[in-house]
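My notes follow in the order in which I looked things up.

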Amino acid sequence: MASSPCARGCQTLPVRCPGCGMPSWRVHGRYVRRLGDVPVAGRPVVIELVVRRFRCPNDRCPAVTFAEQVAGLTRPHTRQTTLLRSMLSSIALTLAGRPGARLAALLGIRIAKDALLDLLRSVPQQPVGAVRFLGVDDFALRKGGSYATLLVDLEARRPVDVLPGRDAGPLAAWLRHHPEVEVICRDRAGLRGPNRRPQAMQVADAWHLWRNIAEALERTVGSHHGCIRDAFAESLVMAEETVETPVTTELPKGVALPFVPPDGTLDVLGRPRRLVARTAERYASVQVLLAEGKSLAAIGRALRLDHSTVRRFARAGSLDELLAKATGRLSGLDEHKEYLHARWLDGCHDIRQLHRELGERGFTGSIQCVRRYFRTYKPPRQPGRKQQRVPQPQPRPAPKPRRVVRWIMTNPQHLAPADAAELKEIRTVCPHLDAAARHVHDFAEMLHHLRGDQLPEWMDRVLADDLPALHSLVSGMRRDFDAVTAGLSTPWSSGQVEGHVTRVKLLKRMGYGRANLDLLRQRILVSP
């Protein structure tokens with residue numbers, strides 16, 4: 001505990017009135033002020049300070065009397081020193097209410113969580129200033145319910161404002177107060193409505209453009225995955241089949257069965273999967289109702305399906321496009337299937353032994369994964385006969401659609417030789433996928449070398465081929481042509497905006513339910 005050096009015997013100095021600035025020598029009285037200070041060795045510290053109250057000589061000043069303040073120690077109407085208040089503000093910015101109060105208690109500071117939140121709201125924000133290059137993106141306060149829009153100064157690399165909702169109105173009002181904005185970088189959602197500013201160039205983010213290409217390519221590969229399966233079914237590899245020879249003494253020790261990898265349409269018992277059957281039934285029903293001229297809303301009511309589901313079934317070019325994701329999902333066994341097939345054909349049908357061998361190869365899944373995979377391939381019992389292995393051609397397993405998409409989207413110089421060979425084979429047997437791969441490669445060249453002037457020619461080449469998914473992508477690009485061209489011609493992107501959105505999600509979850517927009521906005525704009 002400390003006391004003030006100012007006592008009754010100290011020399012009276014002029015102190016300026018905080019209201020009018022007039023100096024005053026007239027001491028009206030003294031009182032003891034108690035201030036909490038930073039703890040020492042975990043023990044709380046309270047400063048007792050004798051302060052003087054002065055009378056203002058200005059008759060027009062609304063403040064008749066005022067108390068003196070000690071620079072760097074006191075502030076009007078506070079019970080903490082400047083140092084303690086700064087420490088509590090940092091705790092509130094980092095941890096918000098309840099977690100911040102817990103940390104403060106461990107440090108020897110007693111403060112309520114609501115007091116920390118009030119202190120957080122009182123922290124002054126940095127002025128926005130002039131913003132020339134603006135990044136815009138939205139994030140969810142409650143997913144599917146309420147949203148907010150984050151504005152980032154791309155030059156200063158910091159958030160400058162958080163607007164309620166993700167509509168055009170609040171952003172339009174903000175842009176009217178900032179006519180100096182030259183570039184608006186955004187995702188493909190677009191800036192619709194009254195916030196479109198002719199003097200600001202809109203730039204579509206390059207990552208989102210590349211993602212749109214990937215989604216269109218995935219739909220294309222899904223619709224033509226049947227060509228890939230047929231091609232790989234015709235490409236044979238040597239396996240082993242069995243020829244029966246009569247014996248009289250030995251019983252069979254192992255039976256080598258021809259192994260045909262599952263195509264994803266059957267379950268572990270060999271029956272048609274419910275998902276596949278349901279998808280085929282819904283696709284047929286939607287197509288029949290579309291042929292009758294019914295709208296998507298009427299089809300949704302008739303089949304009791306969500307509007308987005310009906311739209312997806314209506315826009316699908318074929319049933320294979322819808323089944324590509326369901327039947328082509330990746331599995332932890334994918335990289336070990338070739339080894340499993342070889343061991344099965346060698347006569348090893350002990351699931352436990354196969355699982356142990358896979359564990360030595362780095363497989364981390366359970367034994368149930370291996371058991372389900374081989375459940376429909378149990379060897380038949382044939383007592384009194386011995387199996388002799390002879391070569392037999394077997395079809396190769398076709399690559400999954402997402403793997404084909406990854407091969408096409410990857411730089412050819414970075415592809416493994418085996419993957420490059422299979423991709424070349426796929427492009428040879430399917431002209432549609434070969435054309436799609438050419439278009440993706442050309443778009444990657446435009447994106448890498450910032451050649452947005454080549455976009456119209458690229459769009460014409462895409463429309464010349466029979467690729468409905470890419471046609472839909474081109475139609476969307478035409479509606480947002482200027483922004484897409486700028487995204488392919490300028491180095492600006494929404495990368496740092498996405499980083500700030502990730503930080504916002506962390507701050508929101510740290511709020512422990514106290515993530516109202518005013519408090520969340522304060523933490524976003526003030527937190528370091």
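Entry 1, a buried arginine. I looked up the accessibility of Arg 52 first, bearing in mind that the model is a predicted one, and found a relative accessibility of 7%, so that Arg 52 counts as buried, the cut-off being under 20%. I then asked which residue forms a salt bridge with Arg 52. The partner is Glu 68, and the closest N and O atoms of the two lie 2.8 Å apart. I noted that this pair links distant parts of the chain, since Arg 52 sits in strand β4 (residues 43-55) while Glu 68 belongs to the loop between β5 (65-67) and α1 (82-95), 16 residues apart. Glu 68 has a relative accessible area of 12% and is therefore buried as well.

I next turned to Arg 186 and Asp 480, whose side chains meet in a salt bridge at 2.8 Å from N to O. Here 294 residues separate the partners, with Arg 186 in strand β9 (residues 183-186) and Asp 480 in the loop between α18 (468-479) and α19 (481-487). Are these two residues buried or exposed? I found Arg 186 and Asp 480 both buried.

I recorded a salt bridge between the side chains of Arg 343 and Glu 357, with 2.9 Å from N to O. Because Arg 343 lies in helix α11 (residues 337-345) and Glu 357 in helix α12 (residues 351-360), the pair ties together parts that are 14 residues apart in sequence. For Glu 357 I read a relative accessible area of 11%, which means that this residue is buried.

My search of the whole structure gave 18 salt bridges.

I looked at how helix α16 (residues 431-449) packs with helix α17 (residues 455-463), and found an angle of about 170° with the axes 11 Å apart. The two helices α16 and α17 are therefore roughly antiparallel to each other. On the α16 side the contact is made by His 439, Asp 442, Phe 443 and Met 446, and on the α17 side by Leu 455, Trp 458, Arg 461 and Val 462. Sorting the residues of this contact between α16 and α17, I counted five as nonpolar, one as polar and two as charged.

Terms used:
Residues numbered from 1 in each chain as written. Predicted model: local features only at pLDDT ≥ 70, side-chain atom pairs only at ≥ 80, totals over all residues. Heavy atoms only, no water. Salt bridge = Lys/Arg side-chain N within 4 Å of Asp/Glu carboxyl O. Helix = DSSP H or I, 4+ residues; strand = E, 2+ residues; numbered from the N terminus. Buried < 20%, exposed > 50% of the residue type's maximum accessible area, 1.4 Å probe, protein only. Axes fitted to C-alpha atoms, helices over the stretch in contact; angles between N-to-C directions. Parallel < 35°, antiparallel > 145°, perpendicular 65-115°, else oblique. Contact = heavy atoms within 4.5 Å. Nonpolar A, V, L, I, M, F, W, Y, C, P; charged D, E, K, R; others polar.
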